[in-house]
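Dear colleague,

I am handing over the structure below, and I would be glad if you could look through it alongside the notes that follow.

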Amino acid sequence: MTPLSPGVATSPQQDAPAVPGSLRFRRLWLFSPGADLAILAIPLALTLCAAGASAFLAPASSDGAHRLMSWTAQNILGNATHVVLTFLLFGVHRDVLTAAPRQPRNILAGTLAMLAVGAGFFFTFYADRSIHTFAVAVIFNVFGMHHTLSQHRGLWSLHGLRGGQAGLAPPTALERRLQQLYVPLLLSILLVRIFFVAESAAPNASAYLDVGQGRVLPWQMLPVLIALWLGYFLLLFRSVLRSGTASGPKVLYLLGMATATGLALVAPEWGYVMLPGMHGLEYYMLSARMLEPREGDAPRLRRAFIWPAMVLAMLPLLALGVVHGFLLDGPVKGSLSIGSGALSHPLLRGLTSLGFAVVLAHYYADAFIFRFRIPSIRQVMLRRLGLSNASPSPAAGAR
């Protein structure tokens, strides 16, 4: 999911009195109390298990436990399997595909091109890793992290839309500026951390993702990155909590964003459990909401069949993830890490290459359907999300 809008729509009627620092939860949950909390609690629980395994188990057992939890975050929680849900949405609700002129043609041509180029690229990667290792790491950690952070910003905007409908005060100008800054700042901080800062204080320690980039910045650079992260979120929470009664679910979600990115910064091996887990669960909930029939829709998919249809669509990628779970050797690092177990299995190598190509195609298609700066797309997607009675914001615009 790409960023929805740096601004959020509001209602002309505001709560009175607006007490700075107070939180309101009633009618402000984005999906439901259980779903909103599960998006944060389940990935955090996995992360705490990873930390516990690292602290209390023997090294070999700890590594195995961490790989199991990383696999769970990638597959069961949906980071590597949710990608087909975009295309399921196109099949069920064609208005998402046709929301803007020439969009169907652009998405179809681009998706087919990404599938062809991506599959060929990854197949040659498996044939000779020495050629493509750096490129693959860049593709899936730059594009993947950008995609994840953009979805954070998108849900942040949805929480703002929900708050505006419920009569909460609009965000301050500072919050809007910080929302615009979120993706470029956090993307830069996290990529510097995993690619260019030593993983630990040990002598000659390499980067967390060592792809042959040579000398890296000393581990002592990490406090500088932490200071940037901390300053950003302190300023953000100060802005949100001092503007009057705030949305409790939005504040909880911002806390989840801060926790996930902070863990990825301080301890990437733990953060790369929480971040993909959050991302996948968020997309599950968004997809289920958008697949729901709205008034005037043709009866194509009944509510009772939405989750079964989603699971059925994801089964091939889930099966691929299960197979890779048995073949992994070595630590799981980064976004959509590629185990070397597939090297000796030509059929699995081809299927995995196609799977990663679908991920890239999903990035491409998602970038079109969430361009909320285009009025026709905004209208269609807000209707699909059940937020169509939110009034447009003058500051609204996607990236």
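Lysine 250 is buried, with a relative accessible area of 10%, where buried means under 20% relative accessible area, exposed means over 50%, and partly exposed covers what lies in between (1.4 Å probe, protein chains only). Glutamate 175 is buried as well, at a relative accessible area of 4%. The side chains of these two residues, lysine 250 and glutamate 175, meet in a salt bridge, with N and O 2.9 Å apart; the term stands for a side-chain nitrogen of Lys or Arg within 4 Å of a carboxyl oxygen of Asp or Glu. Because lysine 250 belongs to helix H9 (residues 248–266) and glutamate 175 to helix H7 (residues 173–196), the pair ties together parts of the chain that are 75 residues apart in sequence.

Before going further, please note that this is a predicted model, in which local features need pLDDT of at least 70 and side-chain atom pairs count only at pLDDT 80 or more, while totals for chains, interfaces and linings use all residues. Residues are numbered from 1 along each chain as its sequence is written, and side-chain values use heavy atoms, with hydrogens and water left out.

The structure holds seven salt bridges, and arginine 383 takes part in a further one, with aspartate 297, where the closest N and O atoms are 3.2 Å apart. This pair links distant parts of the chain, since arginine 383 sits in helix H13 and aspartate 297 in the loop between helix H10 (268–291) and helix H11 (306–327), 86 residues apart. Salt bridges that share partners join Asp95, Asp297, Arg383 and Arg384 into one network.

Arginine 383 is partly exposed, with a relative accessible area of 25%, and aspartate 95 counts as partly exposed at 22%.

As for the chain as a whole, it has 13 helices and two strands, which are DSSP runs numbered from the N terminus (helices H or I, at least four residues; strands E, at least two). Buried residues make up 53% of its 399 residues. Among contacts (heavy atoms within 4.5 Å) between residues at least 6 apart in sequence, 78% join residues at least 24 apart.

With kind regards
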